[in-house]
Amino acid sequence: MEHSTKRDSWGSKWGFILACIGSAVGMGNIWLFPTRISKYGGATFLIPYLIFVVIIASTGLIGEMAFGRATRSGPIHAFGEATRMRFGSDKPGKLLGLIPVFGSLALAIGYSVVTGWIFRYTADACTGVLSTLDSVEAFDAHFGATASGNTVWQLVGMLVTIAIMTFGVGKGIEKANKVMTPLFFLLFMGLMVYIFTLPGAAEAYRYIFVLKPEGLLDPMVWVFALGQAFFSLSIAGNGTLIYGSYLSRDSDIPSDARMVALFDTVAAVLAALVIIPAMAVAGQQLDQSGPGLMFVFLPNVLRTIPGGSIILIVFFLAVVFAALTSLVNLFEAPTATLQELFHLPRHVAVALIGAVGMGAGLAIAPIVGEWMDVCSIYICPLGALLAAVMFFWVCGRDYVLEHVNLARKKPLGGWFYPTAKYLFCGVTLLVLVLGAVMGGIG
């Protein structure tokens, strides 16, 4: 194959798993999952969410990892290899492969704006600025000022991301995730334990795990659980696929996918176990989601809790780690694509993509909400669907099973291929259609 130059690789199994966990743990876990748990009744939402996590992780997540490893490339060459094998030409696949690559770049550009906000709030927490704000209105004004003019911190976030990526996969991305991903979990676990000790928190914890069976009859519970699971696992035909391309042939991909799904779910539940009780301690109802929750309502609540100034620092520091690991993953697909297409050195490809990210990120900052909506509603699900069709339908059963079962002592059962080919592809199409009709479900 024309791109079969020496590729960077992961230094260890856990390095890959932590990087995938870091890419999956993002803002959806923090500013959306707790709100949906609160709105739809604890375990009533958690049960369908876990069902969809199992379905997606045991099919689509495995598929994207295996597709990347099988072709040792990003989406463009992977899709091209699929159509070459089936139709004798790689051109249709390469053209279609541009969609998830551009989707990854577009989402990264939008995410860089949000990451800039998080860096600003982390700095303001550390300097005590956030502790001086004394109302929702004050936090709303502060967030408005941040969103309208945050060039410096947005550039800081991009420069940190570029620095990590310049060192490569093993020495940069892997090492950064080995530090930041565990720290994210440790900081959130510390917050969870502390908030649990505060008066009023225990009732909120009990609520999270209460099941209201009648709620399971509400179709919207299942729709939003599907969207939450799908987007939380970072299925988009780009980041997971490209991370899989750096895997060795002795990696047990189904086992790795289970670990990623497990820890991503733990991260989401941890966020709920921090945010819902924190709102309860302050006597507030959790009825907000998105940026408003994280940058306005939640910090206003956290400042009122005993030790609030420290809690704000710990919370936003943890969120910085989550944002950076996700941003690195999103920029990796376009970076690797430049390397594959033009045989560029790593540092040159990173610099070019970083420059695009900086320029475009500053340009779209005023419309970042709309920008992210287009990416998440249309481009990302379409990229995931294309990757699934290419791997499970175009490559064919024998190819799929060969590469999914590499290094496994016991091959996956006969359930895997038809479940992935029909159920997962159907679920992905459903996410795309529902998102377009409803204006987003994740």
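This is a predicted model: local features need pLDDT of at least 70, side-chain atom pairs count only at pLDDT 80 or more; totals for chains, interfaces and linings use all residues.
Modeller: A helix here is a DSSP run of H or I with at least four residues, and helices are numbered from the N terminus.

Colleague: Which residues is Gly 442 in contact with, leaving aside its neighbours within four places in sequence?

Modeller: Gly 442 touches Leu 32, Arg 36, Gly 227 and Phe 231, once neighbours within four places are left aside. Pro 182 is another matter: 260 residues separate it from Gly 442 along the chain, and the two C-alpha atoms are 25 Å apart.

Colleague: How should I read the largest nonpolar core, and how many residues has it?

Modeller: In soluble globular proteins, nonpolar side chains tend to be buried together. In this model the largest nonpolar core has 158 residues, and Met 27, Phe 184, Met 294 and Phe 315 have the most contacts inside it. Helix 15, residues 308-342, gives the largest share of this core, 18 residues.

Colleague: How do I read a pocket, and about how much space lies in the largest one?

Modeller: Rolling a probe the size of a water molecule over the atoms shows where empty space is left. The largest pocket holds about 840 Å³. Its lining has 36 residues, and the closest to the centre are Gly 28, Leu 107, Tyr 111, Met 372 and Ser 376. Elements giving two or more residues to this lining include helix 1 (13-24), helix 2 (27-40) and helix 5 (91-127). The largest share, seven residues, is from helix 17.

Colleague: How many disulfides does the structure hold?

Modeller: Two cysteine sulfur atoms must lie within 2.5 Å to count as a disulfide. The structure holds zero. For Cys 380, the nearest cysteine sulfur belongs to Cys 375 and is 6.2 Å away.

Colleague: Is Cys 380 buried or exposed?

Modeller: Cys 380 counts as buried because its relative accessibility is 6%, and the cut-off for buried is under 20%. Cys 126, at 49%, counts as partly exposed.

Key
Residues are numbered from 1 along each chain as its sequence is written. Side-chain values use heavy atoms; hydrogens and water are left out. A nonpolar core is a set of buried Ala, Val, Leu, Ile, Met, Phe, Trp, Tyr and Cys residues joined through side-chain atoms within 4.5 Å. Buried means under 20% relative accessible area, exposed over 50%, partly exposed in between (1.4 Å probe, protein chains only). On a 1 Å grid over the protein atoms alone, a cavity is a set of points where a 1.4 Å probe fits but cannot get out, and a pocket is an open set with protein on both sides within 12 Å along at least five of seven lines; lining residues have an atom within 4 Å of a point. Grid points are joined across faces, edges and corners, and a volume is the space filled by probe spheres set on the points. Contact means heavy atoms within 4.5 Å.
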